[in-house]
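Q: Hey, can you walk me through this one? I'm new to it.

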Amino acid sequence: MSATAHYTSTGLDNRKIAVWAFIGSECMLFVSLISTYLIYKGRSVVGPYPHEPWTNPANGEKLPAILNIPITSASTFVLLMSSLAMVMALAAVQNKNVPKHTRGDRIIGSSKLWLWMTALLGTIFLGFQAYEFTSFVHEGLTIRTNLFGSSFFTLTGFHGAHVTAGVLWLLTLLAIDYRRGLGPKDALNVDIAALYWHFVDVIWIVIFTLVYLIQ
Amino acid sequence: MDTHSTPAQAPHADGSHADDAHAGHDHPTWKTYVKVGVILTLITIAEVWAYYIPSFVASRAFVPSLLIMSAVKFVTVVMFYMHLKYDHKIFRVLFVGPVLIASLTLISLMFLFGHLGIRL
């Protein structure tokens, strides 16, 4: 791809400048969604509520707070580890031409392994999210139930869509790696995908604290 | 700063030319990445731990400490995994600028809708 790269007057590749500008604009998008969630927090007229027990008006049953912190903590850990795998994949691509003498070197230097790991961990995160959404719907919380449901599903749904796009992006990189192999000349392409993936991770770091942990 | 290099020159992973002037921005090794991963995990454990201590949740320190831990994780990922610490200043401006604007917008909205207040 370097043969088709376009450089700006700064000497930097315009694709990397563009992806950082894109990430900056995505920050604005997610802050608007997070702001909406926080503004509506505590203003739902009917349950379920995120952190407080509630009574089901249909049968008078008393139910616990709906957010499942252990499950979400596990999914947060999975996404953090996917970022680690992604950065290992980038390092493997950058150092593809460095001789690997030991088995450990070959494992650390395997871009396919780390790309697979990142995509797998991203998919596991999406599985956790699908489980969470399904259980919420079964417990009576949909996007139409109350202000919490509307803002929660919109925020986490948007994030999940970004993770899905990231997984698809990783799979395309894997397909290229299997077809012709990714090497140092592809490092910028992998770096751009990695930046997007880490951005998705940092947004979840914020969501996890503001939505799930702060009561 | 190189302003007239040809595309045939090998680019760095940070998107700059091989003869770019901002030398000294070597990316960390995999050991550093693993250490950062361990730190992020430990902070996450501390966050969840704090959530399950009722006396701490009820205290005034709960929200600020969670926000600080979250901010530390955010900055750590951005600096080390996104390489902002080692990359060109322009990338830092492109990211930090919108983040600052977004943060100020968030804080302003919290004041506007009464979630934050200043007692005079």
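This is a predicted model: local features need pLDDT of at least 70, side-chain atom pairs count only at pLDDT 80 or more; totals for chains, interfaces and linings use all residues.

Q: Okay, chain A. How many helices and strands?
A: Chain A has 6 helices and 2 strands. Helices (H or I, at least four residues) and strands (E, at least two) are DSSP runs, numbered from the N terminus.

Q: In what order do the elements of chain A run?
A: Starting at the N terminus, the order in chain A is α-β-β-α-α-α-α-α.

Q: What box do its C-alpha atoms fill?
A: For chain A, roughly 65 × 45 × 25 Å, taken along the principal axes.

Q: And how much of chain A counts as buried?
A: 45% of its 215 residues. Buried means 20 or more other C-beta atoms within 10 Å of the residue's own; exposed means 12 or fewer, and partly exposed is in between, with C-beta atoms placed from the backbone.

Q: Now chain B. How many helices and strands there?
A: Chain B has 4 helices and 0 strands. Its elements run α-α-α-α from the N terminus on. Of its 120 residues, 27% count as buried.

Q: Which domains is chain B divided into?
A: Domain 1 covers 28–87 and domain 2 covers 88–120. These bounds come from an automatic or database domain assignment. The C-alpha centres of the two domains of chain B lie 20 Å apart.

Q: What about contacts within each chain?
A: Take contacts between residues at least 6 apart in sequence. In chain A, 74% of these join residues at least 24 apart. In chain B, 40% of these do. Two residues are in contact if their C-beta atoms, placed from the backbone, lie within 7 Å.

Q: How many residues does each chain put into the contact between them?
A: Chain A puts in 50 residues and chain B 49 residues. On chain A, α1 (14–40), α2 (69–94) and α6 (187–213) each supply at least two residues of the side that touches chain B. α1(A) gives the most to that side, with 15 residues.

Q: Which classes do the residues on that side of chain A fall into?
A: The side of chain A that touches chain B has 31 nonpolar, 14 polar and 5 charged residues. Ala, Val, Leu, Ile, Met, Phe, Trp, Tyr, Cys and Pro count as nonpolar, Asp, Glu, Lys and Arg as charged, and the others, Gly among them, as polar.

Q: Back to α1(A). At what angle do α1(A) and α4 of chain B pack?
A: α1(A) and α4(B) (residues 89–112) pack at about 10°, with their axes 9 Å apart. Axes are lines fitted to C-alpha atoms, for helices over the stretch in contact, and angles run from 0 to 180 degrees between N-to-C directions.

Q: Parallel or antiparallel?
A: α1(A) is roughly parallel to α4(B). Angles under 35 degrees count as roughly parallel, over 145 as roughly antiparallel, 65 to 115 as roughly perpendicular and the rest as oblique. The contact of α1(A) with α4(B) has 20 nonpolar, 5 polar and no charged residues.

Q: And is the crossing of α1(A) and α4(B) left-handed or right-handed?
A: Right-handed. A crossing is left-handed if the near helix is turned anticlockwise from the far one by less than a right angle, and right-handed if clockwise.

Q: Is A:Leu195 buried or exposed?
A: Buried, because 25 other C-beta atoms lie within 10 Å of A:Leu195.

Q: What is A:Leu195 in contact with?
A: Leaving aside neighbours within four places in sequence, A:Leu195 is in contact with A:Val19, A:Ile23 and B:Met82.

Definitions and conventions
Residues are numbered from 1 along each chain as its sequence is written. Chains are lettered from A and ligands numbered from 1 in the order in which they are written.
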